Amino acid sequence: MSNDKRVTPYDRVKLARDKDRPGIEDYIEALFDGFMEFHGDRLFRDDPSIVAGIGYFHKIPVTVIGHRKGKTLEEHMAYNFGMASPEGYRKSLRLMKQAEKFNRPIITIIDTPGAYPGMEAEANGQAAAIAENLAEMSALKVPVIAIVTGEGNSGGALAIGVANKVLMLENSIYCILSPEGFASILWKDSNRAPEACEVMRITAHELQELGLVDEVIPEGSRLFKNMDNVIYKELKKLMKMSPDKLAKDRYNKFRVMGEVFEPKKNREE
Amino acid sequence: MEKQNNISASERSTKEELIECPRCHAMIDADIIRDNFKVCPECNHYYTLSPKSRLRMLADRKSFKELDKGLRAVNLLDFPDYEDKLAKARAKSGLDDAIMTGIIKIDGIKVAIGVMDTRFLMASMGTVVGEKITRLAEYAQKHNLPLIMVCASGGARMQEGLFSLMQMSKTSAAIKRFKDAGGLYISLLTNPTTGGVSASFAFLGDIILAEPEALICFAGPRVIEQTIGKKLPDGFQKAEFLLEHGMVDMIVRRDELKSTISRILKMHK
């Protein structure tokens with residue numbers, strides 16, 4: 001069902017959230033060898049809703065970071081449905097800086113309903129943690145590839161998404177806010193989520209057309225193989241770039257996102 | 001204590017005008033409120049300031065020079081009714097979008113400053129806000145000026161979807177470059193600083209100041225209450241709460257704001 005118009009955006013949302021959809025454990029198992037998970041932000045605690053560690057990708061040592069939703073209800077609860085707290089974002093940043101030190105490429109896997117809107121998360125600086133990640137990621141001197149595999153909602157997704165290449169699985173979504181939250185804010189009615197999906201532009205193909213996403217990865221029985229191929233192709237290209245060029249490339253990529261109208265007289269000034 | 005009010009006699013209203021304080025409901029003469037830095041003399045309620053009033057309180061007389069005037073949002077997603085909404089907001093507020101940027105002098109020291117304006121779609125961050133802040137940081141870096149951001153925002157500009165989200169990474173990256181080049185960045189958090197703005201440039205200040213009792217958060221109180229299913233305690237996510245939790249450097253009263261910023265600037269000359 002590649003760019004099939006009969007699949008509505010809301011269908012994609014349902015697919016992106018499907019409980020039988022692969023989770024980060026499956027992607028790690030399929031794509032990386034010898035993965036070791038590392039823990040903790042060195043400040044307060046380990047946030048299990050983010051998995052971070054090192055492993056081999058085609059014999060290249062890489063750092064892998066991603067959201068963990070879990071598969072059973074017990075796991076969902078334990079991993080807070082993939083909604084990370086500041087500690088999770090700080091753990092991510094710690095491992096990204098470690099990757100930079102040892103010149104390891106970083107691959108992030110995005111699948112989250114959003115950053116956790118809880119009391120402890122707020123008290124411990126959710127906003128500051130996300131802001132810090134966005135700033136620091138923009139200047140990392142190693143290749144960064146982000147893949148949205150399920151739901152990429154809000155700042156909680158972007159906090160590990162400032163990458164040289166942003167890829168999406170064909171049935172994943174990437175949005176400013178969950179369609180329910182969006183409908184609730186704009187129309188005061190979260191039941192209008194399917195309608196919200198029609199105007200939000202959250203599907204992989206729409207976002208690729210808008211220039212916000214680099215490549216859409218087809219799913220189906222060859223999903224893991226397709227992911228492997230695309231990541232390998234992009235990584236090989238990025239690994240040829242110098243550390244400074246990598247940081248500059250990433251900066252420029254986000255710098256041009258969002259065209260504005262400029263009065264003629266400004267340009268003449 | 002010495003007052004630093006720059007409001008001239010000509011700006012005073014000639015006829016007596018009473019304003020009802022939204023918090024304590026006292027009826028107070030408009031001139032008295034204005035002379036008191038738009039703070040209620042009865043209950044210390046902080047009135048929302050327009051960028052012009054804010055700049056009048058901070059800047060040396062006639063020192064303001066506006067940058068990047070007239071930038072306007074383009075309906076990048078073809079979002080239904082967005083142009084209408086923008087047109088209405090422009091007509092109602094007389095503004096092009098939710099931020100004013102420029103150069104001012106504070107006690108003779110030249111600084112680049114951006115002031116957000118909640119009268120325009122709750123100062124939500126879309127492409128215009130993102131672009132103007134990015135340009136301001138670039139300008140400050142090029143001209144070796146300190147940078148001040150007076151932050152206020154209801155969050156992301158929903159109608160700009162993922163373009164709005166990407167302004168978080170764009171502004172954070174520009175601020176990071178500016179800071180890495182040695183620039184001083186002072187962020188002032190005013191009521192309310194929330195969502196995508198708090199989780200990007202607002203929390204990246206070398207020095208972060210906050211106005212008393214300002215609401216400062218990533219997730220808003222209503223969203224948190226819905227998530228955890230209980231009411232939040234009084235004062236949660238207010239500036240004083242953030243100070244206690246180590247998230248801001250100082251809370252500064254409005255009548256002491258200019259002198260405080262001036263002292264910081266002098267130490268970084």
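This is a predicted model: local features need pLDDT of at least 70, side-chain atom pairs count only at pLDDT 80 or more; totals for chains, interfaces and linings use all residues.
1. Strand 8 of chain B is mostly covered, with eight of its nine residues buried. The strand spans residues 185–193 of chain B.

2. Strand 8 of chain B has partners in two other strands. With strand 7 of chain B, the pairing is parallel and runs over six bridges; here V150(B) has L188(B) as its bridge partner. With strand 9 (residues 207–210) of chain B, the pairing is again in the parallel sense, over four bridges. In that pairing I186(B) stands opposite I207(B).

3. Where do these strands sit in the sheet order of chain B? The sheet is open and has seven strands in the order 3-5-6-7-8-9-10, with mixed pairing. Its edges are strand 3 (65–67) and strand 10 (250–251) of chain B, each of which pairs on one side only. As a general point, side chains in a regular strand alternate between the two faces of the sheet.

4. Most peptide bonds are trans.

5. Helix 2 (residues 51–58) of chain B lies across strands 5, 6, 7 and 8 of chain B, and runs at about 10 degrees to strand 5. Is this helix mostly covered or mostly uncovered? Six of its eight residues are buried, which leaves helix 2 of chain B mostly covered. The buried ones are P51(B), S53(B), R54(B), L55(B), M57(B) and L58(B). They pack against strands 5, 6, 7 and 8 of chain B, and also against helix 9 (257–267) of chain B.

6. Helix 4 (residues 127–142) and helix 5 (residues 161–180) of chain B form a helix pair: their axes come within 9 Å and cross at roughly 10 degrees. Angles under 35 degrees count as roughly parallel, so helix 4 of chain B is roughly parallel to helix 5 of chain B. The residues of this contact are seven nonpolar, six polar and three charged. Among them are I133(B) and A137(B) from helix 4, and F163(B) and A174(B) from helix 5.

7. Helix 1 (residues 9–17) and helix 9 (residues 193–200) of chain A pack at about 110 degrees, with axes 8 Å apart. Since 65 to 115 degrees counts as roughly perpendicular, helix 1 of chain A is roughly perpendicular to helix 9 of chain A. By class, the contact has six nonpolar residues, no polar ones and one charged. P9(A), Y10(A) and V13(A) of helix 1 meet A193(A), P194(A), C197(A) and E198(A) of helix 9.

8. Two residues deserve a check of their backbone angles. Most residues other than glycine have a negative phi. K188(A) has a positive phi, near 55 degrees, and its place is in the loop between helix 8 (179–187) and helix 9 of chain A. With a relative accessibility of 71%, K188(A) counts as exposed. L121(B) has a positive phi too, near 45 degrees, and lies in the loop between strand 6 and helix 4 of chain B. L121(B) counts as partly exposed, because its relative accessibility is 23%.

9. On the domain scale, chain B is divided into domain 1 (1–47) and domain 2 (48–267). Taken over C-alpha atoms, the centres of domain 1 and domain 2 of chain B are separated by 24 Å.

Key
Residues are numbered from 1 along each chain as its sequence is written. Chains are lettered from A and ligands numbered from 1 in the order in which they are written. Side-chain values use heavy atoms; hydrogens and water are left out. Domain bounds come from an automatic or database domain assignment. Two strands pair if DSSP finds at least two bridges between them. Contact means heavy atoms within 4.5 Å. Axes are lines fitted to C-alpha atoms, for helices over the stretch in contact, and angles run from 0 to 180 degrees between N-to-C directions. Angles under 35 degrees count as roughly parallel, over 145 as roughly antiparallel, 65 to 115 as roughly perpendicular and the rest as oblique. Ala, Val, Leu, Ile, Met, Phe, Trp, Tyr, Cys and Pro count as nonpolar, Asp, Glu, Lys and Arg as charged, and the others, Gly among them, as polar. Buried means under 20% relative accessible area, exposed over 50%, partly exposed in between (1.4 Å probe, protein chains only).
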